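Here are a few notes to go with the model you are looking at. Have it open beside you while you read.

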Amino acid sequence: MKYTPFFSDNLNALLRMLHIPVVLKRPVFAIPIGISFYTMQAASYVLDVYRGKIRADRSLLRIALFMSFFPQIMEGPICRYSDTAAQLWEAPRIRFENLTAGVERILWGLMKKTVVADRLNLLIENVFSGYEAYDGFVIALAAVCYTVQLYMDFSGTMDVVIGTGQIFGITMPENFKRPFFSKTISEFWTRWHITLGTWFKDYLFYPLSVTKPMKKLTSRARKRFGNHYGPLFSGAIALLCVWLCNGLWHGAGWHYIVFGLYHFALILTGSLIAPLSISLAEKLHIRRDHFLYRTLQGIRTFVLVCIGELIFRALSLGQALGMLKKIGTQFTTAVLRDGSLFTMGMDRQDYIIVFVTLVIVLIVGIVQERGVRIREYLAGRNLAVRFAAGYALILFIVIFGAYGLGYLPVNPIYAGF
C-alpha cells in the first residue's frame, strides 16, 4: 500500500530510459491509519511465537486488544506482546497515583509540542517550501529548527501516549532517552525512537548476522583482518539492510533512502575508525572522558544529526542536495543584521519563548541524566509544592502554546509515517 506507487513510478522511469513501450499502472490506495506501527507489532508477535519466545494466544479478543490499544496506534511506541499484552488484559482500576502521574506526563508532552514544536512550524514551512529565496544561514537555521521540532513533537507525543497508558495502569516502553546527550551517531540511535531501533535489531540485524553465509564470512574475515575489523564485514551487510529498511519505513522516496544510507555510512565509519581514534587520543594524551572532549563530541553528533534531518525533511532528494549546496556556498549572516530573521514566521518573542522552553527541557534532561527522578521527587513534596508545579505547567501551556489566531494546526509529525 505504501510502496507500490513509488516502485511503479521508478520502474516506469527505467522503462522510458530503456525505450521500452510499457507503462505500468500507478495504483492508489487508501492507507489504514497506523499501518506502519500496527504491521510491526503484528510481525513481532508472529515472529516471537514462531521462535518460541512466547506462546500463541488463543483469545482473539486479547490479541485485538494488544494490537489496537488506542494511544499507540498513530505513533507507537512499537510494543511487543511481552511488553503490554498481560497488562492490558489485567488492567487495574484507575488509581489516583496513576491518574496524577499520567496527567503530569501528558502536560509535559503538551508543553514540548505546543510551545516549541508548533511554534517553530511556520519558519520551517516557509524555508523548506521555498528554499531558493534564502541563503545558507537561514537554511541551516531551518535544519536545526526542524531537528528540534521533530524531537519536541515526537517525544512530546510519546509523553502524551505513555502518560495516557499510565492513567490506565499500563507501563509502555520508553521511546526516547535524551538523544541529544549522545556522543556518537550509534549512541544517538539507541536513545532516539528506541522501539523502532530494537525492532530492526531483533528481527532483521541479528537474524541476518547468524545465517550460515554470514558466519562463514565473519570467520574468514576475522582470520585475515583481526577480531575488530573481521566481524565488521558481515555486520556491515546486515547494517546496510537495516538502514535501507529504516529509510523506507519512514516513506516511499529517494530522500528517505538516502537518509538511511547516510546514517549507515556514519555508523560504519565510526566503527571502522574507533581503534584509530582511541590510539590517536592516547598518543596526544587526550582524556576521552574530559568534559570538553565529550562536549565537542556532542556538538559534532548534533551537527551530523541536523544534516540527516535536512535530507529527511526535504520534499525530494534534489531539494535536499540544493539546500546543502546553498549552505556550503551561500552562507551569510545578513538576516541577523537587517532584521529579516523576524519576518519568516517567528518574531522576537517567539524566539525568546522557544529558547526559554528549551532551557527548561535541557535542565530537566541534565538532572535526569544524573539519575534524579524528578516526578518521584515532586511526589514526595507537600501538596502546595505539587499543586504549584502542576498549575505552573498548565499556565505555561495556556499562555505560550502556539495555537489560535496566526497559527496553523500542526498534526503529530510521525503520524505520517
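Is His19 buried or exposed? Keep in mind as you look that this is a predicted model.

1. His19 is exposed, because its relative accessible area is 71% and the cut-off for exposed is over 50%. You will find His19 in the loop between α1 (4-17) and α2 (35-51). Its backbone deserves a look too: phi of His19 is near 55 degrees, a positive value in a residue other than glycine.

2. For background, most residues other than glycine have a negative phi, and most peptide bonds are trans.

3. With a relative accessible area of 1%, His193 is buried, since buried means under 20%.

4. Please check the peptide bond between Gly76 and Pro77 as well: it is cis, with omega about 5 degrees. Pro77 belongs to the loop between α3 (60-68) and α4 (81-89).

5. Now for a helix pair. Helices α6 (136-167) and α12 (317-329) pack with their axes 7 Å apart, at an angle of about 125 degrees. That angle makes α6 oblique to α12, because it falls between the 65 to 115 range for roughly perpendicular and the over 145 range for roughly antiparallel. The crossing of α6 past α12 is left-handed.

6. Which residues make this contact? From α6 come Gly136, Ile139 and Ala140, and from α12 come Met323, Lys326 and Ile327. By class, four residues are nonpolar, one is polar and one is charged.

Terms used: Residues numbered from 1 in each chain as written. Predicted model: local features only at pLDDT ≥ 70, side-chain atom pairs only at ≥ 80, totals over all residues. Heavy atoms only, no water. Helix = DSSP H or I, 4+ residues; strand = E, 2+ residues; numbered from the N terminus. Buried < 20%, exposed > 50% of the residue type's maximum accessible area, 1.4 Å probe, protein only. Axes fitted to C-alpha atoms, helices over the stretch in contact; angles between N-to-C directions. Parallel < 35°, antiparallel > 145°, perpendicular 65-115°, else oblique. Left-handed = near helix turned anticlockwise from the far one by under 90°. Contact = heavy atoms within 4.5 Å. Nonpolar A, V, L, I, M, F, W, Y, C, P; charged D, E, K, R; others polar.
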